[in-house]
Amino acid sequence: NELKENIVAIANTQYNGIYIFGGANTTTPPYSIADDGSIVYSGTPSTDSGYARKLEISDGVYVTLNAAGDEVFGSFDNTVDPPTGEGLFKVLGDLEAALNLDPADTKQITAQLDNIQNSIAHVSEVQSIFGASAAKLEMTQNTIDETKIILQSQKADLQEIDQAEVISEFIKQNYAYQASMQVYTSMQNNSLL
């Protein structure tokens, strides 16, 4: 029960006042434990395509900023017999039921421990996906910061130029260009005859 409560607390994690596993529903806790032991998900379901909040970090490049909790942790309904659900919460509910049997069913407990390992692996996969997204965001932020410094330097260089000197140099290069074009034209008109 304590482990289940701790994982529900993790599933109700907030960042800057936003529930990160609630899908599009960011203002209320996505998970709650009912009196009967069921773990109820009240966020946006992963089957609803509107659950994802995305951020455009470059032209046409988006990163997903959240995950639907039912996709990460699952759910558990203890109101029906046998209990239904999926994911880590279903495994924890089944493990709790196996531990409460008298006598304890060691085969069922062992099977649930294997399922816990699979569920932890799934949560780790989701975590790695968001770790990669965080790395993309950090890399994009670094690129933006570097570009900003370069542009500020170029702006300072442009503001500090001597306009008279730049105009003189431009006119001089323009004369040189026109002279080379005249030479080229003269050479094209010459023939072997």
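Trainee: How do the residues of the lining of the largest pocket divide into nonpolar, polar and charged?

Mentor: The lining holds 18 nonpolar residues, three polar and one charged. Here Ala, Val, Leu, Ile, Met, Phe, Trp, Tyr, Cys and Pro are counted as nonpolar, Asp, Glu, Lys and Arg as charged, and the others, Gly among them, as polar. The model is predicted, so local features need pLDDT of at least 70 and side-chain atom pairs count only at pLDDT 80 or more, while totals for chains, interfaces and linings use all residues. Residues are numbered from 1 along each chain as its sequence is written, and side-chain values use heavy atoms, with hydrogens and water left out.

Trainee: How much space lies in the largest pocket?

Mentor: Rolling a probe the size of a water molecule over the atoms shows where empty space is left. On a 1 Å grid over the protein atoms alone, a pocket is an open set of points where a 1.4 Å probe fits, with protein on both sides within 12 Å along at least five of seven lines; a lining residue has an atom within 4 Å of a point. Points are joined across faces, edges and corners, and the volume is the space filled by probe spheres set on them. In this model the largest pocket has about 670 Å³ of space.

Trainee: Which residues lie nearest the centre of the largest pocket?

Mentor: They are I20, F21, V126, Q127 and F130, out of 22 lining residues. Helices α1 (2-11), α3 (87-100) and α4 (106-159) each supply at least two lining residues, and α4 gives the most, with six. Helices (H or I, at least four residues) and strands (E, at least two) are DSSP runs numbered from the N terminus.

Trainee: Which residues of the largest nonpolar core touch the most other members?

Mentor: In soluble globular proteins, nonpolar side chains tend to be buried together. A nonpolar core is a set of buried Ala, Val, Leu, Ile, Met, Phe, Trp, Tyr and Cys residues joined through side-chain atoms within 4.5 Å. Buried means under 20% relative accessible area, exposed over 50%, and partly exposed in between (1.4 Å probe, protein chains only). The largest core has 21 residues, and I7, Y31, I39, V72, F73, F89 and L92 touch the most other members. Two or more residues come from each of α1, β4 (39-41), α3 and α4; α3 gives the most, with six.

Trainee: With which residues is L92 in contact, leaving aside its neighbours within four places in sequence?

Mentor: L92 is in contact (heavy atoms within 4.5 Å) with L3, K4, I7 and I116.

Trainee: How many salt bridges does the count come to?

Mentor: Three, where a salt bridge is a side-chain nitrogen of Lys or Arg within 4 Å of a carboxyl oxygen of Asp or Glu. K4 pairs with E96, their closest N and O atoms being 2.8 Å apart. This pair links distant parts of the chain, since K4 is in α1 and E96 in α3, 92 residues apart. K4 is buried at 6% relative accessibility, whereas E96 is partly exposed at 21%.

Trainee: How far apart are the closest N and O atoms of D94 and K90?

Mentor: They are 2.7 Å apart. Because D94 and K90 are four residues apart in α3, about one helical turn separates them. D94 is buried at 17%, and K90 is buried at 18%.

Trainee: Where do K172 and E169 lie?

Mentor: Both are in helix α5 (residues 163-189), three residues apart, about one turn. K172 is exposed at 53%, and E169 is partly exposed at 35%.
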